[in-house]
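Have a look at the sequence and the model below. The tour after it starts with charged pairs and then moves on to one of the helices.

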Amino acid sequence: MRRCTAPIGWPRHDPQHYRFAIPNSVWAYKLKPFEFLIFSYLCYRGSTVTPASEAVAANLHMTVGTVKKHLNGLADKRLVNEDGIPALKRENANFFTLPNEVFLLRLPPSAFMVYAYLLLIEDRRTHTCHPSYNTIAATTGLAKNTVMKRVNTLLEMGLITVESSSYFDKHGMKWKGNNLYTILPVRLAADAFHQRQLQAGAGSNAQTYPPTAKGIRPPSPQRCLVCPDLRSGSTPDPSQQCKPLYGP
């Protein structure tokens with residue numbers, strides 16, 4: 001039976017439907033950040049319908065050329081079939097889950113990858129974990145400096161908190177330990193992001209933004225998307241679509 005996937009950000013009554021599964025084995029393929037983000041989006045869709053590159057690009061705020069390039073890379077690794085459907089299955093395998101709303105935040109692919117790894121290893125009761133930068137870098141394939149930068153990105157986005165730690169060795173010397181990361185509710189981060197987008201849209205058209213990675217479309221106040229209110233408990237009409245706040 002085909003699974004019906006509601007558009008990103010639409011509230012559902014069943015809490016389990018706020019998340020989607022990714023097989024743990026995906027980490028063994030050492031995907032590039034763009035590949036990992038696209039593969040994750042395909043897992044979110046969970047559909048048997050061939051995804052159009054244009055639709056993937058629009059939802060992930062990438063260029064169509066970037067999507068096609070990395071879809072080919074995923075196909076070469078046999079992570080997607082010839083129709084662009086994920087070949088890795090979660091049945092009879094270990095998997096971790098990501099919140100649907102994470103796609104609303106327009107995270108850089110490397111930040112998305114670090115966030116996914118923290119969710120992979122988090123304690124499900126306390127929502128905490130304490131990997132070293134080197135451990136995160138070794139698993140994701142990112143440089144240590146990139147990991148440190150993207151941890152700050154997640155912190156600024158309100159997705160995590162970071163606490164430093166220390167310990168004493170057997171000689172009584174104090175050493176700096178790994179950071180303690182706490183995963184925060186993604187809905188709060190999504191609400192805050194929407195508010196920033198609205199404020200940017202209401203500001204000057206001449207407002208500048210920091211440089212973006214190649215292949216990523218920069219945010220534009222002229223095309224700010226307004227999705228259903230995540231804080232609302234109501235379920236919107238399935239025929240409703242996200243509409244541009246500004247421009248045609």
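Arg 125 has 70% relative accessibility, so Arg 125 counts as exposed. The cut-offs behind such words are these: buried is under 20% relative accessible area, exposed is over 50%, and partly exposed lies in between, worked out with a 1.4 Å probe on protein chains only.

Before going further, a word on the source: this is a predicted model, where local features need pLDDT of at least 70 and side-chain atom pairs count only at pLDDT 80 or more, while totals for chains, interfaces and linings use all residues. Residues are numbered from 1 along each chain as its sequence is written, and side-chain values use heavy atoms, with hydrogens and water left out.

Arg 125 meets Asp 123 in a salt bridge, and Asp 123 is partly exposed because its relative accessibility is 28%. A salt bridge here means a side-chain nitrogen of Lys or Arg within 4 Å of a carboxyl oxygen of Asp or Glu.

How many salt bridges does a search of the whole structure find? The count is 3, and they are listed here.

| Salt bridge | Closest N to O |
|---|---|
| Lys 77 – Glu 35 | 3.3 Å |
| Arg 187 – Glu 101 | 3.4 Å |

Let's take Lys 77 and Glu 35, which form a salt bridge. That pair ties together distant parts of the chain, 42 residues apart: Lys 77 sits in the loop between α3 (64–76) and β2 (95–99), and Glu 35 in helix α1 (residues 33–45). Helices (H or I, at least four residues) and strands (E, at least two) are DSSP runs, numbered from the N terminus. Lys 77 is partly exposed at 29% relative accessibility, whereas Glu 35 is buried at 3%.

Now for Arg 187 and Glu 101, another salt-bridged pair. These two also link distant parts of the chain, 86 residues apart, with Arg 187 in helix α7 (residues 186–202) and Glu 101 in the loop between β2 and α4 (109–121). Arg 187 counts as partly exposed at 26% relative accessibility, and Glu 101 as buried at 4%.

On to helix α2 (residues 53–60). Which of its residues are buried? They are Ser 53, Val 56, Ala 57 and Leu 60. These residues lie on the same side of α2 because they cover an arc of only 100 degrees around the axis, the arc being that of the directions from the helix axis to the C-beta atoms. The buried residues of α2 pack against α1 and α3, where contact means heavy atoms within 4.5 Å. After α2 comes His 61, with a positive phi near 60 degrees.
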